[in-house]
Amino acid sequence: MSNFEYIISSLPFLTYDYTYENGQGFYSVLEEIKENLGEEDTQTLDFLLEGFSAKSLGADFYAKALKSPLRFVREYFRFDLNLRNAKVRYLNRVLGRPEDMDVVSGKGEEEDQDLDIDGYRFTGGEFEESTRVQNALESASLLEREKALDDITWEKIDSLETFHYFDITAVLAYVTKLHIVDRWLALDEEKGRELFRKLVQEVKGTFKGVNYTES
């Protein structure tokens, strides 16, 4: 059985200025969390962590996420699907490729071809943050672009964890935010272009076919 009260009460408050203590890292924090999670909740957390890997984010993964009985998993990965597709379309425009090339849509080979999720045919549904995401992607500063996108993601997580305090949703929301923080702990102004190269590589790994050459 999961001890959510202990888990949540022992976790530090997260901000972008957060730093690990006593040599801890992202995965050591995860291990501490898992020590107090039941088997089913651990499997849910592992599924969330799988979604942090670009290699996992194909149509099959999103189809499974959008069928999850847990609202946080469904709606976070619906947002993630729309966000990643927006990034791909942006890169397509920059590179002069067809706009919808390599976006994730339809169903994966492992899923029913007639799958209907929440009234949508795997389109991701309404993307409320679309305008803000587009504005962020158009930013001339690569660091500001990533910061703006992470701000939007952070706010989305906030909205999904409202009224969840001592349950698996609270844990998932924390880990998702910690994943954002973990990226930024290693960044400084000199690594801005490296961050953009990482963004392109993630897209290339998830949506094959992008051929980017930095000018």
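Analyst: A residue counts as buried here when its relative accessible area is under 20%, as exposed when that area is over 50%, and as partly exposed in between. The model under discussion is a predicted one.

User: Which residues of α3 are called buried, and what makes them line one face of the helix?

Analyst: The residues of α3 that fall under the 20% cut-off are Asp41, Thr42, Leu45, Leu48 and Leu49. Viewed down the axis of α3, these buried residues lie within an arc of 115°, so they line one face of the helix. Glu39 and Glu40, on the other side of α3, are exposed. The cover over the buried residues includes α1 (4-10), α2 (26-34), α5 (71-95) and α8.

User: How do you know that the span of α3 is close to the expected one?

Analyst: Helix α3, which runs over residues 39-50, has twelve residues, and its first and last C-alpha atoms are 16 Å apart. The expected span is 1.5 Å times one less than the number of residues, which for α3 comes to 16 Å, so the reach of the helix is close to expectation.

User: Why are α3 and α5 called roughly parallel to each other?

Analyst: Their axes come within 11 Å and cross at roughly 0°; because angles under 35 degrees count as roughly parallel, α3 and α5 receive that description. Thr44, Phe47 and Leu48 of α3 make the contact with Phe72, Val73, Tyr76 and Phe77 of α5. Sorted by class, this contact of α3 with α5 has six nonpolar residues, one polar residue and no charged residues.

User: And what makes α7 and α8 roughly antiparallel to each other?

Analyst: The axes of α7 (residues 142-160) and α8 (residues 168-185) come within 10 Å and cross at roughly 170°; since an angle over 145 degrees counts as roughly antiparallel, the two helices are described in that way. On the α7 side, the residues that meet α8 include Leu143, Trp154, Ile157 and Leu160, while those of α8 that meet α7 include Ala173, Ile180, Val181 and Trp184. By class, the contact of α7 with α8 has eight nonpolar, three polar and six charged residues.

User: Why is glycine 58 called partly exposed?

Analyst: Glycine 58, which is located in the loop between α3 and α4 (59-65), has a relative accessible area of 30%. Buried would require under 20% and exposed over 50%, so glycine 58 is classed as partly exposed. From C-alpha to C-alpha, glycine 58 is 9.6 Å from leucine 81 in space, although 23 residues separate the two in sequence.

Notes:
Residues are numbered from 1 along each chain as its sequence is written. This is a predicted model: local features need pLDDT of at least 70, side-chain atom pairs count only at pLDDT 80 or more; totals for chains, interfaces and linings use all residues. Side-chain values use heavy atoms; hydrogens and water are left out. Axes are lines fitted to C-alpha atoms, for helices over the stretch in contact, and angles run from 0 to 180 degrees between N-to-C directions. Helices (H or I, at least four residues) and strands (E, at least two) are DSSP runs, numbered from the N terminus. Angles under 35 degrees count as roughly parallel, over 145 as roughly antiparallel, 65 to 115 as roughly perpendicular and the rest as oblique. Contact means heavy atoms within 4.5 Å. Ala, Val, Leu, Ile, Met, Phe, Trp, Tyr, Cys and Pro count as nonpolar, Asp, Glu, Lys and Arg as charged, and the others, Gly among them, as polar. Buried means under 20% relative accessible area, exposed over 50%, partly exposed in between (1.4 Å probe, protein chains only). The arc is that of the directions from the helix axis to the C-beta atoms.
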